[in-house]
Amino acid sequence: MSQDLNPNIAATDDARELLTFRLGQEEYGLNILNVQEIRGYDAVTKIANSPAFLKGVINMRGVIVPIIDMRIRFNLGEATYNEFTVVIILNIGSRVIGMVVDAVSDVTSLKAEQVRPAPDFGAVLDTAYIDGLANVDERMIIVIDIEKLMTAEDMGLIDQAAA
Amino acid sequence: MSLDVSQFVGVFLEESFEGLDIMEAGLIDFREDDPEAVNVIFRAAHSIKGGAGTFGFREVSDFTHGAETLLDQIRQGERRMNTETGDTLLAAVDCIRELLRASSEGGDLDTEKVVSTRTAIEQMLGKTPDGASAEAAATPVVNAGWQISFKPRPELMKTGNDPLRLLAELQRLGPAKASVDASRLPALGEMDPEACYLDWNVELSAPVAEAEVRGVFEWVEDECELSVTPLAPAADEAKKSAAATPPAGGPAGGNGDGKPPAAKNGATGESGKRPDGGSIRVAVEKVDSLVNLVGELVITQSMLTQMGNDPGDFDLLRLEQLREGLGQLERQTRELQEGVMGIRMLPISFIFSRFPRVVRDMAGALGKSVDLRMEGEDTELDKGLIEKLADPLTHLVRNAIDHGVESTEQRIAAGKPPAGQISLKAYHQGGNIVVEVADDGAGLDRAKLLAKAESQGMAVSDTMSDREVWSLIFAAGFSTATKVTDISGRGVGMDVVRRNIEAVNGRVEIESSYGEGTRIILRLPLTLAILDGMSVRVGDETYILPMTAILESIQPKTEQLSSIAGKGRVVHLRGDYLPLMALHEAFNIDARAQRAEDGIVIVVATSDGRAALLVDELVAQHQVVIKSLETNYRKVPGVSGATIMGDGKVALILDVDMLLRLRRMH
């Protein structure tokens with residue numbers, strides 16, 4: 001694709017595209033290259049004795065995909081499930097993981113200088129997986145490093161011994 | 001003509017490994033009165049040597065050559081097969097295998113062993129000069145140089161060969177002087193520009209083996225007259241020159257585009273990846289029947305499509321046809337499934353065939369005398385299972401020889417025949433494959449096991465059943481061997497065996513009686529990809545239980561249920577008390593059947609004995625395709641995998657052994 005034809009990609013090299021989504025009142029952004037697809041919430045198969053944010057696994061065209069609910073993980077918004085519930089299917093390394101959010105809002109292009117480092121909250125909040133904060137149209141977007149977040153040990157998504 | 005040999009290298013390696021297995025088996029079973037036996041071994045060695053030469057595994061072909069010469073002498077009756085020759089040849093088989101592996105995959109090579117084996121073979125060959133002379137020209141008896149007369153036929157170039165390339169190849173062997181004989185050259189008007197009219201005389205002044213010189217012309221042998229005569233003898237320099245021989249001599253590769261070296265490199269890179277993928281050789285009939293089945297399936301599919309597309313009204317007659325079509329589809333799908341699974345099936349002799357060697361080597365090393373009996377080598381198993389079974393079985397057989405079978409003196413004292421018996425058996429039993437390793441040795445010593453377990457701080461009591469005592473040997477770090485040997489006794493092993501077998505949904509059982517022997521029984525599913533399962537419902541969830549684990553299911557009556565200390569529940573079944581585990585409690589879900597009497601109790605067999613599971617209801621029995629949870633998630637305790645049900649939902653496949661073991665921990 002030539003640069004002239006696509007204004008989004010035509011931005012400079014240091015710009016990147018983010019998919020933004022809402023969790024409660026907060027707006028988050030993640031690298032769009034990690035997004036495989038967006039789909040509705042199907043019936044999941046529960047996995048016993050797993051953390052509450054792990055809703056279970058679904059069959060996505062023959063592949064077994066774990067589904068986590070970010071609202072429960074971050075204690076934000078209400079974890080209700082209806083026809084409007086959205087699941088973002090992510091590609092993290094070679095894995096496929098589904099993530100339930102309140103709503104998907106937009107695709108935004110951000111330049112590197114628009115992203116400010118997140119302040120350190122110390123032990124109150126783990127900011128290790130937050131890339132920074134960005135201001136778009138007077139809204140604050142929390143840019144997360146989704147790979148770091150999903151592979152974090154406390155997510156328990158990956159056998160740490162195997163990883 | 002461009003010939004990419006790299007694609008054949010994999011096949012060559014596979015055939016060579018098979019050939020080595022044949023050699024090994026033949027050497028172990030060798031009997032003087034069977035002249036065909038040595039022929040079989042010889043042929044295997046010969047094809048390995050030939051193939052290795054063709055594909056540029058120069059070290060392998062050189063090495064194999066010595067063994068082949070030795071075999072040839074035996075074949076000709078010039079030499080007798082004795083233990084010494086047998087051992088040397090077996091060592092040679094090992095070396096060839098190592099060499100092949102090292103040259104195809106890279107990695108370390110036990111050079112010392114190769115050299116010592118090679119020396120042993122050469123010494124043997126040296127002992128009978130009459131035998132050695134036959135192939136003397138090719139063994140490292142070398143001249144100072146060669147006078148080579150090369151007269152290609154006119155059509156040589158049409159087959160894609162280029163004499164210049166051959167000459168260049170000769171030059172790589174050493175300094176060569178070539179003179180051309182153009183006497184056959186016709187007048188210009190009669191000349192065919194694509195024909196070759198020139199003859200060459202080459203004086204190669206390098207002390208290389210004749211085989212190497214001839215190897216250059218290997219590809220054009222039939223298209224030329226070739227004579228190779230020594231220049232002057234210099235046999236005393238043999239050793240030195242053999243070492244100095246350029247290793248890259250290689251086959252001259254008849255193709256005109258300089259492909260061989262490149263192709264060879266490519267092949268090495270490719271075959272380095274080989275162990276991951278692997279390949280299966282399938283009988284043509286199996287493939288043909290699959291092709292037929294697919295044909296039938298396509299016909300059925302088009303029939304059904306037509307029925308669905310027809311705009312006409314859908315009457316009852318049509319419904320009948322539809323049912324018929326669906327029935328056909330079901331049958332064909334099932335046959336196709338069986339056919340495809342059949343492709344993955346290999347006879348268990350793939351593993352069994354290694355054991356005569358293992359037994360022979362180990363018994364020799366331990367100074368014991370052991371006979372091995374094998375039954376049911378034709379039993380077919382999934383290829384994946386075969387691979388996973390190899391290590392545990394080897395371990396069990398080694399255990400049987402080391403710990404099971406007693407020394408000859410002890411056996412005689414106990415009134416047993418001096419030679420120990422180890423038997424390997426494989427057979428089908430109710431949808432399972434059963435593999436048994438049995439010995440007629442000392443058997444497990446109950447008292448000793450208990451004492452040892454106690455000294456290691458395990459919870460044991462004298463009232464434990466035999467089965468419970470035997471399963472102590474599965475504990476990690478548990479060993480009753482009085483001394484640690486090279487072979488076993490370190491206490492790693494049985495726990496690994498059990499883990500490996502359970503990883504493929506199998507079970508390990510032990511039967512033993514003191515003084516009479518031990519029998520280890522492995523029960524395995526038929527295949528790894530598909531599982532015969534029973535779907536059960538607990539609350540709103542559906543789980544799959546492997547059929548291999550299920551013994552029976554009952555509707556419990558109140559009087560059959562009792563509890564111990566208010567917590568542990570048991571089921572009384574025909575005189576036995578089985579521990580009862582309610583699945584809804586284990587998985588923290590709301591069961592529909594709040595009382596056990598309203599549910600169904602499934603009696604399951606585990607490695608640690610029988611147990612009972614409480615579920616809400618049995619749904620159906622079906623074959624399910626096993627999907628890994630670990631691909632995108634991680635291992636879940638008590639669950640061996642997942643599958644997709646007819647309605648598209650995911651159901652978890654339970655690992656009964658693990659589940660009950662988990663419960664015991666809590």
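Reply: Among contacts in chain B between residues at least 6 apart in sequence, 71% join residues at least 24 apart; two residues are in contact if their C-beta atoms, placed from the backbone, lie within 7 Å. This is a predicted model, in which local features need pLDDT of at least 70 and side-chain atom pairs count only at pLDDT 80 or more, while totals for chains, interfaces and linings use all residues. Residues are numbered from 1 along each chain as its sequence is written, and chains are lettered from A and ligands numbered from 1 in the order in which they are written.

Chain B holds 22 helices and 22 strands. These are DSSP runs numbered from the N terminus, helices being H or I with at least four residues and strands E with at least two. Of the 666 residues in chain B, 33% are buried, a term for residues with 20 or more other C-beta atoms within 10 Å of their own, the C-beta atoms being placed from the backbone.

One helix can be followed in detail. Helix α3 of chain B covers residues 58-75, 18 residues in total. From its first C-alpha to its last α3(B) reaches 25 Å, close to the 26 Å expected at 1.5 Å a residue; the expected span is 1.5 Å times one less than the number of residues. In α3(B), 15 of the 18 residues are buried, so that the helix is mostly covered. Just after α3(B) comes B:Gly77, with a positive phi of about 80°.

The mean pLDDT of chain B is 77, and 84% of its residues reach 70 or more; pLDDT is the predictor's confidence in each residue, from 0 to 100. Over residues 233-276 of chain B the pLDDT stays under 50, and the model has 80 contacts beyond four places in sequence for this stretch. Residues 483-491 of chain B are also below 50, with 19 contacts in the model beyond near neighbours in sequence. Where pLDDT is low, the predicted coordinates should not be read in detail.

As for the partner, the contact takes 19 residues from chain B and 20 residues from chain A. On the side of chain A that touches chain B, β4 (54-60), β5 (63-69) and β7 (95-101) each supply at least two residues, and β5(A) gives the most, with four. The predictor gives the complex an ipTM of 0.80 and a pTM of 0.52.

Note on methods:
A residue is buried if 20 or more other C-beta atoms lie within 10 Å of its own, exposed if 12 or fewer, and partly exposed in between; C-beta atoms are placed from the backbone.
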